[in-house]
Amino acid sequence: MTGADVRAAAAAATAVLRPAGDRDWTVRAGGLDWSCWTTAAHIAHDLVAYTGQVSGRPGGGYLPFDLRVRADATPAEVLTIAAAAAGMLAATIDAANPDDRAWHFGPCDPGGFAAMGVAEILLHTHDLTRGLGLDWSPPAELCAGVVRRLFPDAPGGDPVPVLLWLTGRAPLGDRPRRTAWTWQATLS
């Protein structure tokens with residue numbers, strides 16, 4: 001996946017969430033234990049962390065820094081922070097050499113970090129829309145890219161319900177909702 005995919009995921013998230021900025025963001029985000037506000041701040045945090053990894057290229061762990069979103073930030077401001085973080089990640093991925101590697105529980109390429117960024121945006125936007133009572137489904141083409149890159153043993157089928165099942169958000173046909181999962185971002 002590429003920076004363009006990260007930008008597309010962020011645009012989809014912003015389009016559905018920005019009009020809901022006046023709703024109660026203290027409610028739980030779907031099935032998560034986090035509030036909607038905390039979940040949106042988490043998206044920004046992860047995107048900034050991935051940006052640092054791709055840019056710094058550490059080989060043995062995560063760089064020791066965190067994004068802190070001020071507690072008085074409004075939902076609209078948190079969404080703007082998440083969009084800015086997506087832009088930083090996208091630009092960093094676009095500037096990286098595809099052969100670069102950085103640590104994410106092993107060596108990971110810029111495309112893997114792009115896929116993880118897209119996954120964070122889409123999956124947590126799904127959580128947010130459930131918590132805020134919005135009707136939304138992640139874009140199928142972006143879900144397909146995430147499934148291809150991060151879940152090599154995924155079952156076939158429509159990529160949206162497959163991704164939601166792979167990440168413990170919904171059952172898939174006769175397969176019950178997963179209670180544990182992980183993605184495979186590292187390269188051999």
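**Chat about a predicted model**

Reader: How many cavities of 30 Å³ or more are there?
Author: The count comes to one cavity of 30 Å³ or more. Keep in mind that this is a predicted model.

Reader: How much space lies in the largest cavity?
Author: About 90 Å³.

Reader: Which residues lie nearest the centre of the largest cavity?
Author: Ala 13, Thr 14, Ile 43, Leu 79 and Ala 82. They belong to a lining of 13 residues.

Reader: Which elements give two or more residues to that lining?
Author: Helix 1 (3-17), helix 2 (36-56), helix 3 (75-95) and helix 4 (110-132).

Reader: How do the lining residues divide into nonpolar, polar and charged?
Author: The lining has 11 nonpolar residues and two polar ones. No charged residue is part of it.

Reader: New topic. Where is Asp 100 found?
Author: In the loop between helix 3 and strand 1 (102-103).

Reader: Does Asp 100 count as buried or exposed, and why?
Author: Buried, because its relative accessibility is 16% and the cut-off for buried is under 20%.

Reader: What does the side chain of Asp 100 make a polar contact with?
Author: The side chain of Arg 57, at 3.2 Å. Asp 100 also touches Cys 108, Asp 109 and Pro 110, leaving aside residues up to four places away in sequence.

Reader: Where does Arg 57 lie?
Author: In the loop between helix 2 and helix 3. Arg 57 counts as partly exposed, at 46% relative accessibility. Its phi is near 55 degrees, a positive value in a residue other than glycine.

Reader: Where is Phe 105 found?
Author: In the loop between strand 1 and strand 2 (107-108). Phe 105 counts as exposed, at 63% relative accessibility.

Reader: How many aromatic pairs does the structure hold?
Author: Five. One of them is Phe 151 with Trp 181. That pair is tilted, with 6.4 Å centre to centre and 45 degrees between the planes.

Reader: What does that pair tie together?
Author: Parts that are 30 residues apart in sequence. Phe 151 lies in the loop between helix 5 (140-150) and helix 6 (159-166), and Trp 181 in the segment after helix 6.

Reader: Which of those two is buried?
Author: Phe 151, with a relative accessible area of 6%. Trp 181 counts as partly exposed, at 36%.

How values were computed
Residues numbered from 1 in each chain as written. Predicted model: local features only at pLDDT ≥ 70, side-chain atom pairs only at ≥ 80, totals over all residues. Heavy atoms only, no water. 1 Å grid on protein atoms, 1.4 Å probe; cavity = no way out; pocket = protein on both sides within 12 Å on 5 of 7 lines; lining within 4 Å. Points joined across faces, edges and corners; volume = space filled by probe spheres on them. Helix = DSSP H or I, 4+ residues; strand = E, 2+ residues; numbered from the N terminus. Nonpolar A, V, L, I, M, F, W, Y, C, P; charged D, E, K, R; others polar. Buried < 20%, exposed > 50% of the residue type's maximum accessible area, 1.4 Å probe, protein only. Polar contact = N/O pair within 3.5 Å; in protein donor to acceptor, adjacent residues only side chain to side chain. Contact = heavy atoms within 4.5 Å. Phe/Tyr/Trp six-rings, centres within 6.5 Å; stacked < 30°, edge-to-face > 60°.
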